[in-house]
Amino acid sequence: MDDAWVRPYTPGLGRWLVIAWEAAALGLLAWSTVQQFDLTGHGVRFVACALAAVWVIGTGRILQMGAYVGPEGLLIRGLLRSRAMRWRDVTRVRLHRATYKIGRWEIESGMTVLIDCRDGTTVNTELWAQGIDFHSRPTVFRAVYQELRNRHIAAGSA
């Protein structure tokens with residue numbers, strides 16, 4: 001598969017808020033760990049270095065998350081794993097209105113983009129209308145959805 005992956009949108013500023021929030025949370029975790037276990041010297045350095053490494057790795061993954069397109073297919077990068085699909089293996093790209101049931105109540109969480117594959121599986125994407133990339137940019141969300149659909153249609157007709 002071709003390695004020329006392009007994200008058809010610019011990431012939202014919300015990603016940087018998530019990264020800052022994680023830095024603060026990991027800082028609080030480091031402080032509470034040092035206080036709880038009465039760490040000094042090498043123990044403090046070890047905790048600080050371990051949590052800094054976790055933050056750097058997590059930051060890299062958060063910045064890379066999203067949907068990438070290429071001439072041969074689609075790459076979905078999540079926080080923990082990535083999945084590449086060829087366009088010919090994709091049946092359709094569709095919008096889905098996600099709702100969650102809690103008892104008798106249904107909570108609507110907005111529109112998300114799903115990928116239906118020929119083998120019958122459905123792949124969730126990181127593309128969510130209320131997510132960190134598109135929360136205040138609904139036109140960008142619709143444009144990305146149309147871009148994915150158009151690329152899929154173009155690959156099917158080629």
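Biologist: Which residues do ring pairs link into a cluster?

Modeller: Tyr 9, Phe 134 and Phe 141. Keep in mind that this is a predicted model.

Biologist: How many aromatic pairs does the structure hold?

Modeller: The count is 2. Tyr 9 and Phe 134 form a tilted pair, 5.1 Å centre to centre, with 55° between the planes. This pair links distant parts of the chain. Tyr 9 is in the segment before α1 (14-37). Phe 134 is in the loop between β6 and α3, 125 residues apart from Tyr 9.

Biologist: Why is the pair of Phe 134 and Phe 141 called edge-to-face?

Modeller: Look at the angle between the planes. Planes over 60 degrees apart count as edge-to-face. The planes of Phe 134 and Phe 141 are at 65°, so this pair qualifies. The ring centres are 5.5 Å apart.

Biologist: Where does the charged end of Arg 7 sit?

Modeller: Over the ring of Tyr 9, 5.8 Å from its centre. There is another case to inspect: Arg 104 lies over the face of Trp 105, at 5.9 Å from the ring centre.

Biologist: Now the nonpolar core. What is the general idea?

Modeller: In soluble globular proteins, nonpolar side chains tend to be buried together. Here, the largest nonpolar core has 20 residues. Among those with the most contacts inside it are Leu 74, Met 85, Val 93 and Leu 148.

Biologist: Which elements give two or more residues to this core?

Modeller: The strands are β1 (66-69), β2 (73-77), β4 (90-102), β5 (105-117) and β6 (122-128). The helix is α3 (138-157). α3 gives the most, with 4 residues.

Biologist: Which residues is Leu 74 in contact with, leaving aside neighbours within four places in sequence?

Modeller: Its contacts include Trp 5, Ala 67, Val 69, Met 85, Trp 87, Ile 115 and Leu 148. Arg 83 is also one of them.

Biologist: How many disulfides does a search of the whole structure find?

Modeller: First the idea. A disulfide is a covalent bond between the sulfur atoms of two cysteines. The search finds 0 here.

Biologist: Is Cys 49 buried or exposed? And Cys 117?

Modeller: Cys 49 is exposed, with a relative accessible area of 55%. Cys 117 is at 9%, so Cys 117 counts as buried.

Terms used:
Residues are numbered from 1 along each chain as its sequence is written. This is a predicted model: local features need pLDDT of at least 70, side-chain atom pairs count only at pLDDT 80 or more; totals for chains, interfaces and linings use all residues. Side-chain values use heavy atoms; hydrogens and water are left out. A nonpolar core is a set of buried Ala, Val, Leu, Ile, Met, Phe, Trp, Tyr and Cys residues joined through side-chain atoms within 4.5 Å. Buried means under 20% relative accessible area, exposed over 50%, partly exposed in between (1.4 Å probe, protein chains only). Contact means heavy atoms within 4.5 Å. A disulfide is a pair of cysteine sulfur atoms within 2.5 Å. Rings of Phe, Tyr and Trp (its six-membered ring) pair if their centres lie within 6.5 Å; planes under 30 degrees apart count as stacked, over 60 as edge-to-face and the rest as tilted. A charge sits over a ring if NZ of Lys or CZ of Arg is within 6 Å of the ring centre and within 35 degrees of the ring normal.
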